[in-house]
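Here are my notes on the model you sent over.

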Amino acid sequence: MSGMRGYQGWRWIFILEGLLTCLVAFLFFFLIPDFPENAKWLREDERTYIQRRLRNDQGSSAAERPIGIRDVINVFKDYKIFVGGFMYLGLIVPAYGYAFFAPGIIQSYGYSPIQTQLHSVPPWAASFTFAMIVAFVSDKFKHRFAFTLIPIAIAIAGFGILITVHTNHKLQYGALFCVTMGVYSAMPVIVCWFTMNLGGHHRRAVGTAYQIGFGNIGGIIATYAFLPKDKPNFYKTGYSICISFICVSATSCLVYAGSVFWQNRVRAKAPRDLGLTPFAKTEMGDLSPDYRYLL
């Protein structure tokens with residue numbers, strides 16, 4: 001399709017992928033039910049099972065009450081929502097930066113176009129394997145915080161090598177493994193950690209949407225991180241930008257962990273019987289005095 005209607009082939013790839021995404025999203029808006037209560041294709045025993053699982057996870061679904069503007073405003077009164085956004089934003093920049101510019105970076109090591117494509121695959125395969133290991137171990141220990149910082153440290157080590165080593169191409173290529181394994185393993189843990197600590201349907205829906213929406217602004221920043229004019233300088237500017245934003249993510253994770261740890265301690269010492277009705281506790285979500293955050 002290269003040259004069709006004046007567009008190069010790579011542009012058509014993005015156009016077709018974007019159109020397919022929009023089409024599928026439009027269809028799924030009507031096909032995916034909001035709650036198990038609305039799923040007509042579930043058997044009654046399946047519906048009951050899913051409702052029980054969701055109730056154990058986040059309490060009452062509150063399916064009978066839609067989200068209003070006041071609910072959205074109340075969610076954003078909690079500073080942890082903004083911290084969660086920066087946790088994700090800090091990793092989106094290096095993640096998109098690598099995804100966009102990995103072929104150019106690898107080609108700068110002296111590989112031919114075909115070799116560049118072949119050498120771009122192993123770092124992705126390694127990141128997938130490591131992400132699965134991190135997810136399994138994190139879930140086994142019911143802990144998230146440490147499994148955000150460990151991959152982040154690995155990613156920083158990878159970028160640290162790339163910004164300082166410029167003549168050892170094997171070491172530089174190995175550093176790309178550290179980058180992908182670190183960044184793409186920490187991201188899902190951060191999203192999972194933040195989402196699981198949002199109790200109640202309203203807070204979880206608004207908070208998750210904000211984290212993903214705000215975080216993906218990093219894609220715009222990443223577009224301008226690795227510019228052709230920086231190639232003679234070994235893309236030091238791009239690597240510096242990535243390290244800076246990873247540090248933003250790490251700092252945000254530390255702030256978030258300290259916040260939930262402190263709030264758990266306060267709630268453990270405070271009286272739990274405050275005369276709140278089950279409906280009131282459902283409305284409060286994770287702000288309820290009975291709720292305990294996952295660290």
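1. Let me start with Thr195. Setting aside neighbours within four places in sequence, Thr195 makes contact with Arg204 and Thr208. Bear in mind throughout that we're looking at a predicted model.

2. Where does Thr195 sit? Thr195 belongs to helix α8, which covers residues 169–196. Is Thr195 buried or exposed? Its relative accessible area is 17%, and the cut-off for buried is under 20%, so Thr195 counts as buried.

3. Gln51 is another polar-looking spot to check by eye. You'll find Gln51 in helix α2, residues 44–58. Gln51 has a relative accessible area of 18%, so with buried meaning under 20%, Gln51 is buried too.

4. As for what surrounds Gln51: once neighbours within four places in sequence are left out, its contacts are Pro36 and Glu37. Glu37 is 14 residues away from Gln51 in sequence, and their C-alpha atoms are 8.2 Å apart.

5. Now the overall fold. The protein chain has 12 helices and 0 strands, so read along the sequence the pattern is simply α repeated, α-α-α-α-α-α-α-α-α-α-α-α. Along the principal axes, the C-alpha atoms fill a box of roughly 70 × 50 × 35 Å.

6. On contacts across the sequence: take the pairs in the protein chain with a separation of 6 or more, and 75% of those contacts are between residues 24 or more positions apart.

7. The largest nonpolar core holds 52 residues, and the members touching the most others are Phe159, Leu162, Leu176, Val183, Met187 and Tyr239. Two or more residues each come from α4 (79–107), α7 (146–164), α8, α9 (201–215) and α11 (236–269). Helix α4 gives the largest share, 13 residues.

8. Not counting residues up to four places away in sequence, Met187 touches Tyr88, Leu91, Ile92 and Ala95.

9. Burial and surface, for your own bookkeeping: 39% of the 295 residues of the protein chain count as buried. The accessible surface comes to about 16600 Å², with 69% of that area belonging to carbon and sulfur atoms.

10. Last, charges. How many positive and negative side chains does the protein chain have? There are 27 positive and 16 negative ones, and the centres of the two sets lie 9 Å apart.

Methods: Residues numbered from 1 in each chain as written. Predicted model: local features only at pLDDT ≥ 70, side-chain atom pairs only at ≥ 80, totals over all residues. Heavy atoms only, no water. Helix = DSSP H or I, 4+ residues; strand = E, 2+ residues; numbered from the N terminus. Buried < 20%, exposed > 50% of the residue type's maximum accessible area, 1.4 Å probe, protein only. Contact = heavy atoms within 4.5 Å. Areas by Shrake-Rupley, 256 points an atom, 1.4 Å probe, with all protein chains shown as cover. Lys, Arg positive; Asp, Glu negative; His and termini not counted. Charge placed at Lys NZ, Arg CZ, Asp CG, Glu CD. Core = buried A, V, L, I, M, F, W, Y, C linked by side-chain atoms within 4.5 Å.
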